[in-house]
Amino acid sequence: MDIPRDADGLAHIVALSGGKDSTALALRLAEVEPRNYLFVCTPTGDELPEMIDHWLELGQRLGRRILPVTSGKTLDSLIDDFNALPNNRMRWCTRILKIEPYYRWLAQVAPAISYVGLRADEGDRAGMEFPASNSVSVRFPLREWGWGESDVWNYLDALGVTIPARTDCARCYHQTLGEWWRLWHDSPGIYDSAVAQESAVSESRGKPCTFRNKSRDTWPAALADLRREFESGRVPPNTVRTDDLFAGGRRGICRVCSL
Ligand code: SF4
């Protein structure tokens, strides 16, 4: 595709995780520094439908399609390739599906400025760093504007923009027990396929392999066993139903990925 560039030959790239910070960043940048931005996302192929809808709606608000940057792989295909499930000890998914493809692509479209949605109130988080030879520089406009979390929410609320309950993968190993319950309740087909993946990987490796870390809580680690608990009517404490979340107007974000 033709990469839009300014008079100096620079491409202006905004990566959209779909979370509140990058969403606010993209919309506000388009208002206060209008230019021919290229908005990109790094899908893993395991997003929930509301996440895909959010990217589509955001593209409409921004007046341009959000370009997916991928490795050509999905979370599913990597599980097959590696015959392994991502988990806290084997966190290859973010690197292979998001970070490396985005860095590779950014190096190809350089010279460029990459706009990153880190807020002023999260000063301890580092941004992405590129070798100087890549001719990629990074800007943090939310920090330049002094925007913290409440500024981001106020801005989105004023625009009437909502953020999906989940912007991470449907079967992300890092999700909470309550989010597994919601996946089972609202997206049983995805839950069932995650059960099948646990079963296939465990069988071929000859040992139990699960998305969930068994030391995280006292509930069963294996999704098949967890499903039996859910089916018996047991609901994890503090589980918020999807409709309650929507009524509250606040959305969670992936705690692992920033792209
Ligand atoms: S959301 Fe979770 S499963 Fe998906 S790439 Fe990030 S860490 Fe991996």
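## Strand E1 and its partners

Ala15 stands opposite Val40 in E2. The model is a predicted one. E1 covers residues 11–15 and E2 covers residues 38–41. The two strands pair in the parallel sense, over 3 bridges. Val14 takes part too: its bridge partner in E2 is Phe39.

E1 also pairs with E4, again in the parallel sense, here over 4 bridges. Ala11 has Ala112 of E4 as its bridge partner. Of the 5 residues of E1, 4 are buried, so the strand is largely enclosed by the rest of the structure.

## The sheet as a whole

The sheet is open and has 5 strands. Their order is E3-E2-E1-E4-E5, and the pairing is parallel. Which strands stand at the edges? They are E3 (67–68) and E5 (136–139). Each has a single partner strand, so one side of each is left without a neighbour in the sheet. Strands of a sheet pair through backbone hydrogen bonds, either parallel or antiparallel.

Side chains alternate along E2. Phe39 and Cys41 point to one face and are buried.

## Val14 in its surroundings

Val14 is found in strand E1. Is this residue buried or exposed? Val14 has 24 C-beta neighbours inside 10 Å. The cut-off for burial is 20 or more, so Val14 counts as buried.

Leaving out residues up to four places away in sequence, Val14 touches Leu25, Ala26, Leu29, Tyr37, Phe39 and Tyr115. Phe39 is also the bridge partner of Val14 in E2. Leu25 is 11 residues from Val14 along the chain, and their C-alpha atoms are separated by 8.4 Å.

## Helix H1 on the sheet

H1 runs over residues 20–32 and packs on the sheet. The helix touches E1, E2 and E4 (112–115). Its direction makes about 145° with that of E1.

The length of H1 can be checked. At 1.5 Å a residue, its 13 residues should span 18 Å. The end C-alpha atoms are 18 Å apart, which agrees.

Which residues of H1 are buried? They are Lys20, Asp21, Ser22, Thr23, Ala24, Leu25, Ala26, Arg28 and Leu29. Among them, Leu25, Ala26 and Leu29 touch Val14. The buried residues of H1 pack against strands E1 and E2, helix H2 (49–62), strand E4, helix H5 (141–144) and helix H6 (149–159).

## Helices H8 and H9

H8 spans residues 188–205 and H9 spans residues 223–231. Their axes are 9 Å apart and the packing angle is about 140°. H8 and H9 are therefore oblique to each other. From H8, the contact uses Tyr191, Ala194, Val195, Glu198 and Ser199. From H9, it uses Leu223, Ala224 and Arg227. By type, the contact residues divide into 5 nonpolar, 1 polar and 2 charged.

## Backbone exceptions

Most residues other than glycine have a negative phi, and most peptide bonds are trans. Two places in the chain call for a look on these counts.

Ala110 and Pro111 are joined by a cis peptide bond, with omega about 10°. Pro111 has its place in the loop between helix H4 (92–109) and E4.

Asn83 is not a glycine, yet has a positive phi of about 50°. Asn83 lies in the loop between helix H3 (75–82) and H4. What is its exposure class? Asn83 has 11 other C-beta atoms within 10 Å. The cut-off for exposed is 12 or fewer, so Asn83 is exposed.

## Whole-chain figures

The chain has 10 helices and 5 strands. Buried residues make up 34% of its 259 residues. Contacts between residues at least 6 apart in sequence were also sorted by separation: 74% of them join residues at least 24 apart.

Terms used. Residues numbered from 1 in each chain as written. Predicted model: local features only at pLDDT ≥ 70, side-chain atom pairs only at ≥ 80, totals over all residues. Axes fitted to C-alpha atoms, helices over the stretch in contact; angles between N-to-C directions. Parallel < 35°, antiparallel > 145°, perpendicular 65-115°, else oblique. Contact = placed C-beta atoms within 7 Å. Nonpolar A, V, L, I, M, F, W, Y, C, P; charged D, E, K, R; others polar. Pairing = 2+ DSSP bridges. Expected span 1.5 Å × (residues − 1).
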